[in-house]
Structure formats: structure tokens, C-alpha cells
Amino acid sequence: MGSGQLTIDLDAVAANWKALDALTGGACETAAVVKADGYGLGASRVARALAHAGARRFFVAVAEEGAAIRDALGRGPEIYVFGGHMSGDTDMLHDLDLIPMLNSIDQLTRHFEALPKSPFGVQLDTGMNRLGMEPAEWAAVRDLVLSRTPSLIMSHLASSDDPSSPQNKAQVQLFREMTSGCGIPRSLAATGGILLGPEYHFELTRPGIGLYGGRPFTDAKAVVELALPVIQTRTMLKGEVVGYSATWEASVDTQIATVSGGYADGILRSLGNKGHLWAGNTACPIRGRVSMDLITADISHLTEQPKVLHLLGPSQGVDAVADAAGTIAYEILTSLGARYTRRYSGRSG
Ligand SMILES: *Cc1c(COP(=O)(O)O)cnc(C)c1O
């Protein structure tokens, strides 16, 4: 087999959802964020596994993403769209029974005119300055909006991965002020917010990355494994160079394995001369640049020729790869390529 093998453990996704759900009290519901194709892992499979675990509300970024989720789950579960009601979305929102999180007065107007009887939620901006109505806008329309009984009112924390950030307290306080006495279910916390504690939980939480095994939920079970087949091995003599632009030179004779997988598969070029592939629990440093389809790694210290090397697995999780690449696990996951052979393990979904 020439392509990398990506294994996605749906039971681990389900277990992570249950563990995050257990961190909040009885009256607080746990939703699931499955945007960007379920953080790159396959939205349909992941959504089914999460529904099986008990999730009843799902979030996507744009209406188009809701189609795959509705298809996978059938009628019943609620699907919310963070991007709200965009021009051209009306039929899709209506036909697929999606709930837009309305972000502006423009979107409120569009929704109330086009789909006056359809459910909606409201997103408020409490300091991130990305999506949602600001306090003054909200004050102007609050009574009108509440009279139409939104399904959910939410806001999003900008710094919840850092419990010491004063922005968390500022945002939760403003969210409380903007929603006091509204009588509508509220949601503020994504994965990071769940870990900040009960003050941040409200009636619904919306974890994403924690379901898929990334920080800040450090108790998460690993979800992905990525094995890259070794195509060829060779001996580089002292003084020889490897890869494009000859960025690594052997200072002693070196055994090099060339594996199938590269930046076209979402393995970031920034891992060149920085990251590691693994043979079981032995690290093999990446030597030279990451090419489009190939990576070269140092296997001089191995006693046996490996058939595959792992980029992701028990010895190296998504956060470790992200650290080596100078990014975050979210980007590692959502970059996972389309060329891998994908296998789903576990009985969930
Ligand atoms: C992506 C996203 C989430 C999920 O965040 P995680 O950090 O992955 O848990 C929740 N809410 C909003 C608005 C988002 O954009």
C-alpha cells in the first residue's frame, strides 16, 4: 500500500464527549462542534458517533456543512450554524431544518423576513470582535428578539485556553449582563470554557477540539493514528545532503527512510528538519525538507528496517506535532489530507 493510513477511533471521540459532559452539572447540556468536516476527521462518521454517545445538538460553521450532518443524523437532532443566515441560505436552512445563529441586525432582518416561523439563535459579541451583536446593537433589539423566543443565546471566549487571562472574567461578566433575565438557554463555553469551571457553563456547552483529542482537554483520549509507509531506505555517506535545497547534511554516515506522505497530505512544511516520525516508541528525526509527497527521516539508530513510520500515534499526539510545526492541533487535524486510506475503528457510529 502506497498511501498513508489514517485511523480514526470513534469510540475515543464518544468517550471524550462523555468525559466533557461529565465535567458539567446535571442541568447543563453538552453539544458537539463538527464544523470543518468534524475537524478534518469526517463529519458524518463523527456526528453519528457523537449522537450515539448522547449528543443532541450540533454546531457547524456554515449552512452547507449542515447538509452532511442532517444526512448522517436524520431528523431530530438540532443543527446550529455559527455563520448565521447568509444571503442565499434561506432554502437550505428551511429544507434541512438548520438553526442559524444570527450575528447582526442585517441577519435578524433577513431571517425574520424570509423565515418568520423558523427557529433561530443569537450570537453576542462579548469582546472577541469576530462574530455577534455588540452590546449597543443588542440593547436596541433585545426586547423584539426575545419576543420571538430564540432557541439559544451564545457568545464565544477568546482566551479560554489560558485560565489566567483576565479576558475570561470580563467576557463572562458582560455575557451575564447582556443576557440577564432573558429566560432563554445560554451557551458560552467551548472546550476551554468547560475547563474554566461552573461559572462558565450556563445551560449548554459547545466542545470541539476536546472531542478530537487536543489541548486544552489534556485528559482526552487520542483519536487519530497516522502511519506512513516506508518506500525506500538508503545510506547517506558523511558529507552528503538530503532533499530539496540540500538543507541537511550528514555529519556521519546516516540511514535514511523515505516515507509516503508530504505537504499535499497536510503534513506541514514547517516540520522539515524539526519534527519526528516514530518507529514504535523510538523517535526518528525528519531530515531535510518535507516534499509534496515524501518525507525523509533518520533511522540510523533503529535495529530493524521499519515498514511504516508514524506521524501520529501513541508516541506522538496532535499537540506534539502542532508544537513541532509551530501551530495548534486544530490546524494539524483540519489539514489531514484526502489522499490517506481512512479507517474508522470502534463500534460507535
Ligand atoms: C470552533 C468553535 C467552538 C469549538 O471550540 P473548541 O475550542 O474546538 O472546543 C465553539 N464555539 C464557536 C463559536 C466556535 O467557533
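Me: Before we start, what should I know about the model and its numbering?
Reply: This is a predicted model, in which local features need pLDDT of at least 70, side-chain atom pairs count only at pLDDT 80 or more, and totals for chains, interfaces and linings use all residues. Residues are numbered from 1 along each chain as its sequence is written, and side-chain values use heavy atoms, with hydrogens and water left out.

Me: Where do the domains run?
Reply: Domain 1 covers 31–211 and domain 2 covers 224–345, with bounds from an automatic or database domain assignment. Their centres, taken over C-alpha atoms, are 38 Å apart.

Me: How much area is buried between domain 1 and domain 2?
Reply: About 720 Å² is buried, and carbon and sulfur atoms give 69% of that. Buried area is the accessible area (1.4 Å probe) that two parts lose on being put together, summed over both.

Me: Changing topic, which residues come nearest to the ligand?
Reply: Of the 14 residues around the ligand, Lys35, Tyr39, Thr191, Ile209 and Tyr330 come nearest; a residue counts as near if one of its heavy atoms lies within 4 Å.

Me: What does Ile209 do there?
Reply: One of the backbone N or O atoms of Ile209 lies 2.7 Å from an oxygen atom of the ligand.

Me: What about Arg206?
Reply: An N or O atom in the Arg206 side chain is 3.1 Å from a nitrogen atom of the ligand.

How values were computed:
A polar contact is a pair of N or O atoms within 3.5 Å; within protein, one must be able to donate a hydrogen and the other to accept it, and residues adjacent in sequence count only if both atoms are side-chain atoms.
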